Every structure is written in structure tokens, then in C-alpha cells.
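The following paragraphs lead through one protein model, element by element. Please keep the sequence and the structure in view while reading.

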Amino acid sequence: MTDQAPAPEPEIPGQTTGDFHGKPTSASRTALSHIMTHNDTNLLGTVHGGVIMKLVDDAAGAVAGRHSGGPAVTASMDEMAFLEPVRVGDLVHVKAQVNWTGRTSMEVGVRVLAERWNESTPPTQVGSAYLVFTAVDADGKPRPVPPVIPETERDKRRYQEAQIRRTHRLARRRAIMELREQRVAEGHRD
Ligand SMILES: CC(C)(COP(=O)(O)OP(=O)(O)OC[C@H]1O[C@@H](n2cnc3c(N)ncnc32)[C@H](O)[C@@H]1OP(=O)(O)O)[C@@H](O)C(=O)NCCC(=O)NCCS
């Protein structure tokens, strides 16, 4: 048993102070749709993962540009999950929103859904991804972004989950850099 106070919940912009210079999630949320054709297939005859990744990057880039009010570049793409194969004749919907903002970077969450182009059955989720975009100025240098203000309970959950991913990304990068420095100090060349 401990008498330590529990760790405070991560702060969500707009929750306690009213964050009037931020932008709500809905202001930049974007969807794009595309019908898959034979040009999009791999050697197995299903849609190439790279085609889906391009659509994901396009939708996320539009969201990042809208949120930050200018150019933004893909800094990383992680946790791209392919849940179901996508086929020729599928109408693919890519839905993206800003989950979290830092000083100059934004995490964009993307859901990929597919339905037969000529059937009225509901779309199924076939993939998901999280990308980090960094807003840049005319010289390609990072520039500040407005804080995102999560609106719904789902937005707030995504914000908190994105903070966990951010913490893990930074910790992983730090651990790898430390290992490399240690190996150099031990005289390893590679
Ligand atoms: C992304 C880029 C602008 C970052 O520049 P940098 O000089 O390393 O800038 P910083 O280290 O100050 O990082 C700026 C922000 O980006 C984030 N960032 C940088 N690299 C990142 C990475 N690999 N993963 C996640 N976030 C990253 C930082 O955490 C920081 O966020 P914060 O301000 O919210 O805390 C630069 O690496 C770049 O131009 N990369 C190429 C981007 C590109 O061409 N993408 C398309 C590929 S085809």
C-alpha cells in the first residue's frame, strides 16, 4: 500500500482552461474515396499494400495541411495494419483526423474502409494507420501548429492514446540512440 497520489490524467486541450487559439478536430477531418482497378493489384491479384499506403498518406497529409494552415511533411508512419484484403472493384474510403498535436508535429489517425462499388452492403474496416506530420515553413524548418481540441469522447480517447504512442516513440528512439553510442564507445564499427 502506498500513500502516493495517483499520476494526474494527461491534460487535454480545451478541457479546463478553454483553449481559444486551438482548432477542433472536426475542422480538419477529411475523407477520400477511390475505386480499385486492375492497375492497383499485386502479383496475387489483390490490391497492393503500397496503393493503400499512398491513399492513407494523401488523406493524412490533407488533414495535417488543413489543421496547420500550410505545408506539412510526413515524419513517420507507424502501426499500418492491413486487416482484410482489398479487391478490384472495391470502393475504398480513407478517413483521417488529427488525434494529437505537439509543438510542431501532429499525429493523424486513419481508418480504411472498403465496400463493393455496386452493392449496398455496409463498408468493412480493412486497415488503420497512425502517422506523424511535421508542419514546415518555406525553408522546410518545423513551425508551430495550433493545438487540436478534441470534441467527442472518441476524440478524447484518441488524444490520450496518441500521447501514449508519442511517449513510446520518443523512448524507443532514445533507447536506440543510446545503444548506438554505447556500441561506438565499445569500438564496434557497425
Ligand atoms: C520531419 C522533419 C521536418 C523534422 O525535422 P527536424 O529538424 O528533425 O525537427 P525536430 O527534431 O525539431 O522535430 C520537429 C517535430 O517533428 C517530430 N518528429 C521529428 N522526427 C520524427 C519522427 N521520426 N517520428 C515522429 N515525430 C518526429 C518531433 O518530435 C517534433 O515534434 P514537436 O515539435 O511536436 O515536439 C525532417 O526530418 C524532414 O524534413 N524529414 C523529411 C520529411 C519528408 O520529406 N517526408 C516525406 C517523405 S517521402
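After helix α2 comes G187, a residue with a positive phi near 95°. The model is a predicted one, in which local features need pLDDT of at least 70 and side-chain atom pairs count only at pLDDT 80 or more, while totals for chains, interfaces and linings use all residues. Residues are numbered from 1 along each chain as its sequence is written. Helices (H or I, at least four residues) and strands (E, at least two) are DSSP runs, numbered from the N terminus.

Helix α2 itself covers residues 153–185, 33 residues in total, and extends 48 Å from its first C-alpha to its last. This is close to the 48 Å expected at 1.5 Å a residue, the expected span being 1.5 Å times one less than the number of residues. The buried residues of α2 are D155, R158, Y159 and A162. A residue is buried if 20 or more other C-beta atoms lie within 10 Å of its own, exposed if 12 or fewer, and partly exposed in between, with C-beta atoms placed from the backbone. An α-helix has 3.6 residues a turn, so residues three or four places apart point the same way. The buried residues of α2 pack against β4 (90–101) and β5 (105–116), where contact requires C-beta atoms, placed from the backbone, to lie within 7 Å.

Between β5 and β6 the antiparallel pairing runs over 10 bridges, and G109 stands opposite Y130 in β6.

W117 is located in the loop between β5 and β6, and it counts as partly exposed because it has 13 C-beta neighbours inside 10 Å. Leaving aside residues up to four places away in sequence, W117 touches I35, G89, D90 and L91. Its C-alpha atom is separated by 9.6 Å from that of H34, 83 residues apart along the chain. E79 lies in strand β3 and has a positive phi of about 55° although it is not a glycine. E79 counts as exposed because it has 10 C-beta neighbours inside 10 Å.

The ligand is surrounded by 14 residues, the closest being S76, G102, R103, T104 and S105; a residue is near a molecule if its C-beta atom, placed from the backbone, lies within 6 Å of it. β3 (72–82) and β6 (124–135) each supply at least two residues of this shell, and the largest share, 4 residues, comes from β3.

Overall, the protein has 2 helices and 7 strands, which follow the pattern β-β-α-β-β-β-β-β-α along the sequence. Of its 190 residues, 28% count as buried.

Methods: Contact = placed C-beta atoms within 7 Å. Pairing = 2+ DSSP bridges.
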